[in-house]
Amino acid sequence: MKIMHCAVSILAITLIMVIAMCLNISNKVADLREKMNGKISEIDEIKNQQENAELKFRKQKEDFLRACAKPDKNIKSAAQIFEESQFAVAITKATLIEEALNEVASPNASGFIIKFENEFYVITAKHVYLGINGKAEKILVHFKPSANGEILNSEPAEILDVCPDHDVGVLKIKNKKFTFPWEPGVLANSQYMRPGDKIFALGSPLMSIFSITEGCIINNNPIGTNITRFNRLIEHSAVSNYGNSGGPIVDDFGKIVGMCSMIRVANALNHTSLAVPSNIIAHDILKIIKRQKINHSKIDANLKNSWELNEFTEEWRTDPPQQKGVIVTSVTFGSDAASSGLKRGDLILECAGLYVHDASATEEMIMLKDANSTIELLVRHENGSEEKINLQLLPLH
């Protein structure tokens, strides 16, 4: 009997312990559930925050893309460009004889201000300085008033040097204390200008000091001239007159893409204007300012765009048409180019390790290298074989 009571007691104690353990487990489960619910709520809050952040970022991105898509985001009107173009200057130049005979019109040329290494320079056309009556011995630079009417006094200037190949001249203000209080001109990359792009000509033609005319790029193909040995000029429709020479040609962001050089007259009522590209100007300016010798180069061969020839000239038509590279249309007999293996009909694929697609850009790459150096061309001959040719560059003149 005692044994039975003992067994019952042990069973009761065990049952109580089991019940206690179950209650304890139940409480722990409840605590875990509560904690889990708290974690779930915390996770839900984090997810909501992330979703809100994503929505906010998506909206910001859409706003940004919408702003970038606006065609007039940074484009300026002619009025804005004219108002902000204090870098455009007028120039009076004269020989001593012209001044003595009182034959000087004022102003009679144009130019623009740039800044390099904290120094200001006036860029103009070479033929402005080397006029038909001899070198200009007196040069006076006149400044365009600011939008609020502030005016700088005219300053005498002197020539640093000129580039005979590109009709570029660089002037320096004689006054050592001179400082330009407004934004100088900024040169853009003219390589990206295409026919149809809007441009503006700033300058001071006779009887119209500080003027602006609007036009567009007509073409940037070779045009023979008697003022510059560089044929790859920009032809545009912005009206230019005598006195515009040396003035800046700007795009619709107000950046300089060229310099007015000359007028191409078709007849008494019709003419277009020619400008030296800013890429060429930048190269010459740097050489002149650093007092380095300017010696441009050429090869004894003529180049044309393959796509132009394939479309319009039966002789150069291929099947399928070549849409890349530059065609060599002629090679001077007995020249280094001929002896190096360059042939009429070759397709130039690379110049100095860079792919080429435009005859103008290829000639520019060649011209801006130093004379008597070498350049490597990758060409595809008419039989389909490809060859790397090293050519010695000749002086441009």
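Mentor: Start with Gln86, which lies in the loop between helix H2 (78-83) and strand S1 (88-94). Helices (H or I, at least four residues) and strands (E, at least two) are DSSP runs, numbered from the N terminus. This is a predicted model, where local features need pLDDT of at least 70, side-chain atom pairs count only at pLDDT 80 or more, and totals for chains, interfaces and linings use all residues. Residues are numbered from 1 along each chain as its sequence is written, and side-chain values use heavy atoms, leaving out hydrogens and water.

Trainee: Is Gln86 buried or exposed?

Mentor: Buried means under 20% relative accessible area, exposed over 50%, and partly exposed in between (1.4 Å probe, protein chains only). Gln86 has 6% relative accessibility, so the residue counts as buried.

Trainee: Which residues does Gln86 touch?

Mentor: Contact means heavy atoms within 4.5 Å. Residues up to four places away in sequence are not counted. That leaves Lys144, Pro145, Ser146, Ala147, Phe180 and Trp182.

Trainee: What is the strand order of the closed barrel?

Mentor: Two strands pair if DSSP finds at least two bridges between them. Six strands close the barrel, with antiparallel pairing. From one strand to the next, the twist averages 40°. The order is S1-S2-S3-S8-S7-S6.

Trainee: In S8, what is the bridge partner of Thr124?

Mentor: Strand S3 (residues 119-125) and strand S8 (residues 168-173) run antiparallel, joined by four bridges. Thr124 has its bridge partner in S8, and that partner is Gly169.

Trainee: At about what angle does helix H5 run to S7?

Mentor: Axes are lines fitted to C-alpha atoms, for helices over the stretch in contact, and angles run from 0 to 180 degrees between N-to-C directions. Helix H5 (residues 278-289) lies across strand S2 (109-116), S3, strand S7 (155-163) and S8. Its angle to S7 is about 105°.

Trainee: Asp167 and Arg291 both have a positive phi. Which one is buried?

Mentor: Most residues other than glycine have a negative phi. Asp167, with phi near 60°, is found in the loop between S7 and S8; Arg291, with phi of about 60°, lies in the loop between H5 and S15. Arg291 is exposed, with a relative accessible area of 63%. At 0%, the buried residue is Asp167.

Trainee: How many residues of helix H8 are buried?

Mentor: Helix H8 (residues 359-367) is mostly covered. Its cover includes H5, strand S15 (297-298), strand S16 (301-305) and strand S20 (374-380). Among the buried residues are Ala359, Glu364 and Met367.

Trainee: Which residue stands opposite Val250 in S12?

Mentor: Pro248 and Val250 point one way from strand S12 (residues 248-251), Ile249 and Asp251 the other way, and all are buried. Three bridges join S12 to strand S9 (residues 198-203), and the two run antiparallel. Opposite Val250 stands Phe200.

Trainee: About how much space lies in the largest cavity?

Mentor: On a 1 Å grid over the protein atoms alone, a cavity is a set of points where a 1.4 Å probe fits but cannot get out; lining residues have an atom within 4 Å of a point. Grid points are joined across faces, edges and corners, and a volume is the space filled by probe spheres set on the points. The lining is Ile299, Asp300, Asp336, Ala337, Leu391, Gln392 and Leu394. The space is about 40 Å³.

How values were computed: 1 Å grid on protein atoms, 1.4 Å probe; cavity = no way out; pocket = protein on both sides within 12 Å on 5 of 7 lines; lining within 4 Å.
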